[in-house]
Amino acid sequence: MNSDANPILTLAWTFGLMSLFAVGGANAAIPEMHRLAVDVQHWMTDKQFADVFAISQLAPGPNVLIVTLIGYSVAGVAGALVATLAMCGPTAVFAYYVSRLLMRSSHSRWPAIIQAALVPLSIGLMGASGLILALTADRTWAGALVTAVAAALAFATRLNPLWLLLAGGCLGFAGVI
Amino acid sequence: MPPDSPPVAVPAPDIPELATSTPPGLIALFVAFAKMSLAGFGGVLVWARRGIVDQHRWMTADEFNETFALCHFLPGPNIVNLSVVFGSRFRGIPGGLAAFAGLVGPPVVIVTVLAALYARYGEIDALRRILAGVSCAAVGLLISAVFRMMMSLIKRRDLIGLVILAAVFIAVGLLRLPLPAVLLVASPVSIAIAFVVRRGAA
């Protein structure tokens, strides 16, 4: 990729395009974000990507705001805003028109079929997100154990996820991980 | 609100049976979505359902599920799509913008401040250790969400779905192929299979 290009423009088209391909939501787009931000554009290291993911999960708001953090690391406040709008804007306009179209021609079978078809895809993408993030975040056996225990607790109980994140932070601070 | 304002502007009391008895105004949309968004640690959907269906009764549970299903099958962040579709249904394009601004605006300010703090203090050893711990747990949460969603496929014995899931996982997670390429192949294949299966079942 041309590194001389205006970073704001690169952010805009990178996330604008991703917006339209992000089937299954923001967490399903993480492999693509990782590939572009770490491997293709070299905006951040593996470790920074894991940090940014952690911050986006700790902060309130939709998960998509990981792009705000990536944008900030590339081009400051302007980068943060451009990345966020690029990731949310095109798909929001698309959603607006599709929903109006579907309200007029209701009872079509196609939305249900397409939706059913895309569910396994988006789960597969989220699984890939989990794998890629686990490989970047879990650098020690203790870290992998924390991930496994958090996954098991979140799967089996209705514990507020924030407690698990805080517990992870405490273990990290204590130097266990 | 000034005391001489017309009575129309006064919010009517909630009527529980009718979901859309009081269509929200622009400010109400902004505030409601800002509240859901700021309450939503690790995902806003639960709070959106609580706010829209239970608290404000702007939609019935079925209407909400239908709207969310639509937003889920569209690309992009689901909850962002939901805010635009929901807001515009009541108040047109300004409504969509108000809901979107409420959902994204306040948290973007918070996240930008966090990003600035990270850029400045991210190298401090204690913070690095804390973030390392948080990210390990956060990955665990994501993995549990994947297994939860997978369970519904397993319960339905949806073998084809599981094969497609595994193929996408291998292509993107292990082979690290670009997302657009994978989707351009996997989506038509998956939709074609779903169509054939439906027709076989009908």
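Read along its sequence, chain A follows the pattern α-α-α-α-α-α-α. Chain A has seven helices and zero strands; helices (H or I, at least four residues) and strands (E, at least two) are DSSP runs, numbered from the N terminus. This is a predicted model, in which local features need pLDDT of at least 70 and side-chain atom pairs count only at pLDDT 80 or more, while totals for chains, interfaces and linings use all residues. Residues are numbered from 1 along each chain as its sequence is written, and chains are lettered from A and ligands numbered from 1 in the order in which they are written.

The C-alpha trace of chain A spans about 55 × 45 × 25 Å along its principal axes. Of the 177 residues of chain A, 56% count as buried. A residue is buried if 20 or more other C-beta atoms lie within 10 Å of its own, exposed if 12 or fewer, and partly exposed in between, with C-beta atoms placed from the backbone. Among contacts in chain A between residues at least 6 apart in sequence, 62% join residues at least 24 apart; two residues are in contact if their C-beta atoms, placed from the backbone, lie within 7 Å.

**Contact between the chains**

In the interface, 88 residues of chain A are in contact with 82 residues of chain B. H5(A) provides the largest share of the side of chain A that touches chain B, 23 residues. The residues of that side divide into 61 nonpolar, 23 polar and four charged. Here Ala, Val, Leu, Ile, Met, Phe, Trp, Tyr, Cys and Pro count as nonpolar, Asp, Glu, Lys and Arg as charged, and the others, Gly among them, as polar.

Axes are lines fitted to C-alpha atoms, for helices over the stretch in contact, and angles run from 0 to 180 degrees between N-to-C directions.

**Helix H3 of chain B**

Helix H3 (residues 61–73) of chain B has 13 residues and reaches 18 Å from its first C-alpha to its last, close to the 18 Å expected at 1.5 Å a residue. The expected span is 1.5 Å times one less than the number of residues. The buried residues of H3(B) are Phe68(B), Leu70(B), Cys71(B) and Phe73(B).

H3(B) packs with helix H4 (residues 78–121) of chain B at an angle of about 130°, with their axes 8 Å apart. The two helices, H3(B) and H4(B), are therefore oblique to each other.

**Individual residues of chain B**

| Residue | C-beta neighbours inside 10 Å | Class |
|---|---|---|
| Asp54(B) | 10 neighbours | exposed |
| Arg57(B) | 17 neighbours | partly exposed |
| Arg157(B) | 8 neighbours | exposed |

Asp54(B) lies in helix H2 (residues 45–55) of chain B. Arg57(B) is found in the loop between H2 and H3 of chain B, and has a positive phi of about 55° although it is not a glycine. Arg157(B), which also is not a glycine, has a positive phi of about 50°.

Note on methods: Angles under 35 degrees count as roughly parallel, over 145 as roughly antiparallel, 65 to 115 as roughly perpendicular and the rest as oblique.
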